[in-house]
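I am opening my notebook to record, step by step, what I looked up in this structure. Each entry keeps to one place and says what I found there.

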Amino acid sequence: MSQDYMIIDGMPVALEGNERNLIEVIRKSGIEMPTFCYHSDLSIYGACRMCMVEDERGRLMASCSTLPYPGMNIRTNSERLRKYRRNILELLLAEHCRDCTTCSNNGTCHLQSLAIKFNVQTVRFANTKTEEELKVDDSSPCIIKDPSKCILCGDCVRECNEIQAVGAIDFAFRGSKCTIATSFNKPLIESPCVGCGQCAVACPTGAIVVRDNRKKVWEMLDDPNAYVTCEIAPAVRVAIGRALGVSEQENSMGKIVAALHRMGFDEVYDTCTGADITVIEEANEFVDRLTKGENLPLFTSCCPAWVQFLEKKYPEFLPNLSSCKSPMSMFASVIKTYQKENDVAPGKKYYHVGIMPCTAKKFEAQRDELKTDGVPDTDIVITTQELIKMIRESGILFDQLLSESVDMPFGEMSGAAVIFGVTGGVTEAVLRKISSDNSRTTMNALAYVGVRGMEGVKEATVMHGDREVKIAVCSGLANAEKLLNKIKSGEAHYDLVEVMACPGGCISGAGQPYLSRVDRFERGKALYETDRTMAIKRSQDNPLIKKIYENVLDGREHEMLHVHYGKK
């Protein structure tokens with residue numbers, strides 16, 4: 001055997017020399033190792049021990065934390081290893097709530113799937129957790145934490161600390177009392193949590209889940225005295241398909257609209273129209289600050305988790321935050337004002353629903369700053385996953401639906417608005433707005449200035465008139481924190497900074513169906529492909545926007561489209 005090879009279950013497997021650990025070599029050989037705590041984006045933790053392998057001398061080792069070497073000879077599947085894994089699963093289940101049929105993660109729970117895979121049919125040990133230890137924390141409007149389902153894998157802790165730099169949760173206490181908790185065990189709503197929900201994405205069980213608002217939406221739709229509208233965010237259309245029998249590369253917007261009409265929504269709109277308004281307002285604000293040289297860099301304000309991150313951890317940067325509301329909140333204000341002033345549904349209660357890829361939007365919808373006369377502009381937010389469940393509840397065969405268009409009078413949008421759902425999209429849309437040349441050549445050139453791509457931090461330099469404009473595009477709040485510290489120290493200078501809390505942007509929102517790095521790239525590619533085929537490329541070229549400014553906003557832009565946030 002060449003020294004560039006190792007043996008896995010009797011088969012030679014080549015070593016390329018860049019493997020981070022043994023588990024990467026095993027998976028490359030076509031074997032799926034069971035794990036709870038291993039994620040390629042997170043630090044190696046080695047807590048669950050499900051990925052143990054056995055060498056030729058009978059020694060056991062965790063494949064996630066063991067380096068491969070030439071000549072290594074291991075087994076991944078033996079009766080000893082299978083028994084070992086069954087024992088681990090049984091011990092985990094012993095202190096785990098086993099009401100699986102009523103768990104929101106039923107069918108998608110990794111613990112459940114591994115228990116089935118390894119044929120765990122009995123649990124010999126009693127659950128010794130007390131009622132206080134099992135208390136559910138439902139204080140957050142975004143996520144719910146249920147310690148009765150926690151297996152202490154630490155995925156949520158590392159996600160919150162390493163990827164998001166929020167530090168809202170960590171391990172607390174020791175031994176059998178060990179749990180995942182906030183500082184001083186305060187409710188999540190009182191912690192540094194920003195509602196990004198990435199902890200729920202990382203959680204392999206139902207210990208942290210996204211709050212489900214479907215019941216409230218059904219109540220609205222079932223009320224004969226209610227008039228219900230909704231808006232759909234750009235990222236939803238490229239994430240919903242796979243779960244409902246349609247290719248994820250397909251833009252499912254037309255089918256989504258058809259499904260929502262069948263479910264009972266009176267009018268269905270596209271948040272892209274709101275994004276076009278946001279581009280106009282944010283670009284104008286940017287040019288104004290650039291001209292005056294005030295409060296630079298301008299930070300984008302579309303991401304509600306990012307806004308909370310600044311409020312809670314870096315309030316000194318709040319003057320740099322754009323005063324623009326997010327596309328959802330802008331559009332909700334416009335829609336409700338139009339419905340009210342045109343008496344669209346006389347005598348009926350009016351509700352507006354946001355369908356978003358983002359869990360933090362649930363918090364945004366209930367913010368006092370985003371209410372008109374004490375009434376939320378967006379009454380409720382549901383995520384892509386909640387929409388999928390509602391479509392299934394309705395019995396609608398999604399893949400067989402004929403596409404329908406969004407409702408008028410808000411039925412037009414630009415390609416610039418569509419790309420809001422991917423990291424760098426907001427920046428590119430703003431650059432299209434401030435560009436004096438609207439030729440296709442110029443629009444294509446903007447795609448190559450350096451704002452596209454899935455890297456955590458991207459930098460670009462463009463010319464605006466005779467001035468050089470420096471730009472940073474960032475996704476993932478840990479990357480944002482590094483950027484903020486560089487700006488504070490004077491190490492870096494920018495004029496425009498775009499931040500999205502979720503890695504890759506809204507396409508990776510915690511309300512979306514789970515995606516890998518490859519899927520993240522494909523979803524972004526699908527949004528850019530939609531933009532490529534749209535006739536209108538720039539927000540200011542959308543004829544509907546001019547009508548909205550003249551007939552709905554009518555000089556009330558600051559009142560309806562802007563907001564100011566404060567330290568929390």
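**Aromatic rings**

I began with Trp306 and Phe309, which are three residues apart in helix 9 (residues 304–313) and so are separated by about one helical turn. Helices (H or I, at least four residues) and strands (E, at least two) are DSSP runs, numbered from the N terminus. I noted that this is a predicted model, in which local features need pLDDT of at least 70 and side-chain atom pairs count only at pLDDT 80 or more, while totals for chains, interfaces and linings use all residues. Residues are numbered from 1 along each chain as its sequence is written, and side-chain values use heavy atoms, with hydrogens and water left out.

I then checked burial, where buried means under 20% relative accessible area, exposed over 50% and partly exposed in between (1.4 Å probe, protein chains only). Trp306 is buried at a relative accessible area of 0%, and Phe309 is buried with 0% as well.

Next I turned to ring pairs: rings of Phe, Tyr and Trp (its six-membered ring) pair if their centres lie within 6.5 Å, and planes under 30 degrees apart count as stacked, over 60 as edge-to-face and the rest as tilted. By this rule I have a count of eleven aromatic pairs. One of them joins Tyr269 and Phe410, an edge-to-face pair with 5.4 Å centre to centre and 75° between the planes. Tyr269 lies in strand 11 (residues 267–270) and Phe410 in the loop between helix 12 (384–394) and helix 13 (415–418), so the pair ties together parts that are 141 residues apart in sequence. Tyr269 counts as buried at 0% relative accessibility, and Phe410 is buried at 2%. For Trp306 and Phe309, the ring centres are 6.4 Å apart and the planes are at 25°, so this pair is stacked. I also wrote down that Phe299, Trp306, Phe309, Tyr314 and Phe317 form one aromatic cluster.

**Helix 4**

How many of the nine residues of helix 4 are buried? Seven of the nine residues of helix 4 (residues 155–163) are buried, so this helix is largely enclosed by the rest of the structure. Among them are Cys156, Arg158 and Ile163. Just after helix 4, I found that Ala165 takes a positive phi of about 55°.

**Thr76**

Last, I looked up Thr76, which is found in the loop between strand 5 (73–75) and helix 2 (79–94). Thr76 is buried, with a relative accessible area of 3%.
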